[in-house]
Amino acid sequence: QHQAAGLYIVLGLIHSVNGLQLALEDLAHDLTHQHADQQGDANADAEVKGEAVEMAVQVVFAVFGKDLEGNYAVYAPAGLEWVSSQVDEGRTFEGVTIQLSNDLDLSNDNWNPIGDNRTDDAAFSGTFDGNGHTIKGAHITGDHCFNGAVYGSKEGWGLFSVTDGATIKNLKVDGATFASYTVISGTIAGYANNTTFENIEISNT
């Protein structure tokens, strides 16, 4: 447990999904070899490696791992990127709470809005609780603003592309920029269906 906590601190600083994937592969490799050394077996099986990756994912994206109800706490930009990628693949997070546990700075790269309004099964439908934290610098700028070719030409831009039956609350957004002549955009969401917004603060947008 102590070792996992230390790994969490390091991985929490990673600012991209690609960087996270590489770090997890390195972590799995190290833990697998540690297991082999402890067991005196030079050929630790793939199951151990898989367990190591799963443990690391839970440590990075949740509070001491995903809780029993399946809720997540996000500590780093990579965690929010992971949420976005999951919704793109059809996971709505209905009945699940995503809670921020740190302020997040998204200014490094163009943001991939959570959800995709072009398909019926890629809307965020869970609860997003900012927990009083700030998301700073979320943006889609540059060439993406004019050619519409961002993330497969999603037609709704914002922190969320589309929400449906969601609750978004206790969130501060600072310095967001979603500028386009071709898509519908909003600081929080491009499209919001049956969505509740509570205690939202927006500045410098």
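The legends below describe an overall view and several close-ups of a predicted model.

Residues are numbered from 1 along each chain as its sequence is written. In this predicted model local features need pLDDT of at least 70 and side-chain atom pairs count only at pLDDT 80 or more, whereas totals for chains, interfaces and linings use all residues; side-chain values use heavy atoms, with hydrogens and water left out.

**Figure 1. Overall view of the protein, with five helices and 13 strands.** Helices (H or I, at least four residues) and strands (E, at least two) are DSSP runs, numbered from the N terminus. Of the 205 residues in the protein, 43% are buried; buried means under 20% relative accessible area, exposed over 50%, and partly exposed in between (1.4 Å probe, protein chains only). The accessible surface comes to about 10,600 Å², and carbon and sulfur atoms account for 47% of it. Accessible areas come from the Shrake-Rupley method with a 1.4 Å probe, and for residues only the protein chains shown count as cover. Among contacts (heavy atoms within 4.5 Å) between residues at least 6 apart in sequence, 79% join residues at least 24 apart.

**Figure 2. The largest nonpolar core, which has 31 residues.** A nonpolar core is a set of buried Ala, Val, Leu, Ile, Met, Phe, Trp, Tyr and Cys residues joined through side-chain atoms within 4.5 Å. F128, I135 and L159 touch the most other members. Two or more residues each come from strand 1 (72–74), helix 4 (77–88), strand 2 (97–100) and strand 9 (167–174). Helix 4 gives the largest share, four residues. Leaving out residues up to four places away in sequence, I135 touches L80, L100, L104, L106, F128, L159, L171, K172, V173 and D174. In soluble globular proteins, nonpolar side chains tend to be buried together.

**Figure 3. Helix 4 and the residue G90 just after it.** The helix has 12 residues and spans 17 Å from its first C-alpha to its last, close to the 16 Å expected at 1.5 Å a residue. The expected span is 1.5 Å times one less than the number of residues. Nine of the 12 residues are buried, so helix 4 is largely enclosed by the rest of the structure. The buried residues are P77, A78, G79, L80, W82, V83, S84, Q86 and V87. Q86 has a relative accessible area of 17% and, apart from neighbours within four places in sequence, is in contact with R91 and F93. Just after the helix, G90 takes a positive phi of about 105°.

**Figure 4. Aromatic pairs, of which a search of the whole structure finds six.** Rings of Phe, Tyr and Trp (its six-membered ring) pair if their centres lie within 6.5 Å; planes under 30 degrees apart count as stacked, over 60 as edge-to-face and the rest as tilted. The ring centres of Y72 and F93 are 6.3 Å apart with the planes at 85°, so this pair is edge-to-face. Y72 lies in strand 1 and F93 in the loop between helix 4 and strand 2, so the pair ties together parts that are 21 residues apart in sequence. Both Y72 and F93 are buried. F128 and F160 form another edge-to-face pair, at 5.5 Å centre to centre and 85° between the planes. F128 is in strand 4 (residues 127–129) and F160 in strand 8 (residues 160–164), so this pair ties together parts that are 32 residues apart in sequence. F128 is buried at 1% relative accessibility, and F160 is buried with a relative accessible area of 1%. Ring pairs link Y72, W82, F93, F124, F128 and F160 into a cluster.

**Figure 5. F93 and V96 in the loop between helix 4 and strand 2.** F93 has a positive phi of about 65° although it is not a glycine, and is buried at 2% relative accessibility. V96 is buried at 12%. The C-alpha atoms of V96 and G70 are separated by 6.3 Å, while the two residues are 26 residues apart along the chain. Beyond neighbours within four places in sequence, V96 is in contact with G70, N71, Y72, G126 and T127.

**Figure 6. T163 in strand 8.** T163 is buried, with a relative accessible area of 0%. Residues up to four places away in sequence aside, T163 touches A123, F124, I168, Y191, A192, N193 and T195.

**Figure 7. N131 in the loop between strand 4 and strand 5 (134–136).** N131, a residue other than glycine, has a positive phi near 60°. At 40% relative accessibility, N131 counts as partly exposed.
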